[in-house]
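Subject: Structure for your review

Dear colleague,

Please find the structure below, handed over for your further work. My notes on what was found in it follow.

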Amino acid sequence: MAPWGYSKENGPATWHKDCPIANTGVRQSPIDLITTGQTCAKYDSNLKPVIVSYPAFSEATFLNNGHSVQFQPSAGNLSELSGGPLTKKYKFEQFHFHWGNNDSEGSEHRVNGKMYPAELHLVHWNSESPNFSSFQEAVGSNDPHALCVLGFFLKVGAENASLKPITDLLSKVKNAGSSVSFPGKFDLKAVLPETLTDYYTYDGSLTTPPLAECVKWIVFKEPIEVSTAQMEAFRAVDDGHGKPITGNYRPPCPLHTRTVAASFK
Ligand SMILES: CCCCNCC(=O)NCCc1ccc(S(N)(=O)=O)cc1
Ligand SMILES: [Zn+2]
């Protein structure tokens, strides 16, 4: 099959051909996070703040893989995640983005149907499971919480100085398949809000093929601000068919019997 993508010919509505779970799965992501009414997110007072330990990365690759741009530190990185709904420690694997071609679309998760212009995903894998000892093995395991992805909405506002080293690099990976070694150190912690207390969490999947249902999702309520220029920089990244990636987000999937918990009232 032609490699998957986001065009009419190879986009989300066609992914079921190679990944039947796209249509048969009952824990697919993303979802629309509804905050009022029957199927709404339920406040859970037991949910603690998320704890991240992200020492500045010193060695990393920044890659345009044709369907997103991805920041991947070298294997030795010690960045970890715990707390929140998690009972184990997770190791940082990579972060990447999803965006649209205008400010009214682009995020994968939605809040009461509202999309943000982009969404940042910080991908981690459970480093304390006896069943796997690498990210790829975690993706392939049938463990429902093999991965934990932190989702942050991006909204247009002031320039984000902490993300500038990343958005300034986008023009260097304009062509699909291109990558650069990240110059210098990158402080991911500085990108995030200080307190990681207010979030939605639910059991879901990867939002791209293989769409494995192995993700504990944690989506934060507070968006991260980026400037219009920074948003435009994402929209100039090419998809490998001579066209810019202008909408690498999957539409929301049915909730089925799942419930969404909220760490805030
Ligand atoms: C060389 C063959 C490798 C195949 N294996 C690569 C692979 O399985 N990748 C899956 C990676 C992935 C996809 C989607 C998300 S999201 N958008 O849900 O955060 C996170 C991570
Ligand atoms: Zn993603």
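In what follows, a residue is called buried if its relative accessible area is under 20%. The model is predicted, and the values quoted are computed from it.

By that cut-off, Cys 148 is buried, because its relative accessible area is 0%. Cys 253 also counts as buried, with a relative accessibility of 13%.

Neither residue is paired. The search of the whole structure returned zero disulfides. For Cys 148, the nearest cysteine sulfur belongs to Cys 214 and lies 11 Å away. For Cys 253, the nearest cysteine sulfur is that of Cys 19, at 12 Å. A disulfide would require two cysteine sulfur atoms within 2.5 Å.

The second topic is the metal site. Three histidines coordinate the zinc ion (ligand 2) at 2.0 Å: His 96 and His 98 through NE2, and His 121 through ND1. Along the sequence, the spacing of the donor residues is H-x1-H-x22-H. Distant parts of the chain are linked by the pair His 98 and His 121, which are 23 residues apart. His 98 lies in strand β7 (residues 90–99), and His 121 in strand β9 (residues 118–126).

Which arrangement do the four donor atoms around the zinc ion (ligand 2) form? The arrangement is tetrahedral, because these atoms subtend angles of 99 to 116°. For comparison, the ideal angle for four tetrahedral donors is 109.5 degrees.

Yours sincerely

Key. Residues are numbered from 1 along each chain as its sequence is written. Chains are lettered from A and ligands numbered from 1 in the order in which they are written. This is a predicted model: local features need pLDDT of at least 70, side-chain atom pairs count only at pLDDT 80 or more; totals for chains, interfaces and linings use all residues. Side-chain values use heavy atoms; hydrogens and water are left out. Donors are N, O and S atoms within 2.8 Å of the metal (3.2 Å for Na, K and Ca); water is not among the atoms, so sites may look incomplete. Four donors count as tetrahedral if all angles lie between 85 and 135 degrees; four count as square planar and six as octahedral if opposite donors are over 155 degrees apart and all others between 65 and 115; anything else is irregular. Helices (H or I, at least four residues) and strands (E, at least two) are DSSP runs, numbered from the N terminus. Buried means under 20% relative accessible area, exposed over 50%, partly exposed in between (1.4 Å probe, protein chains only).
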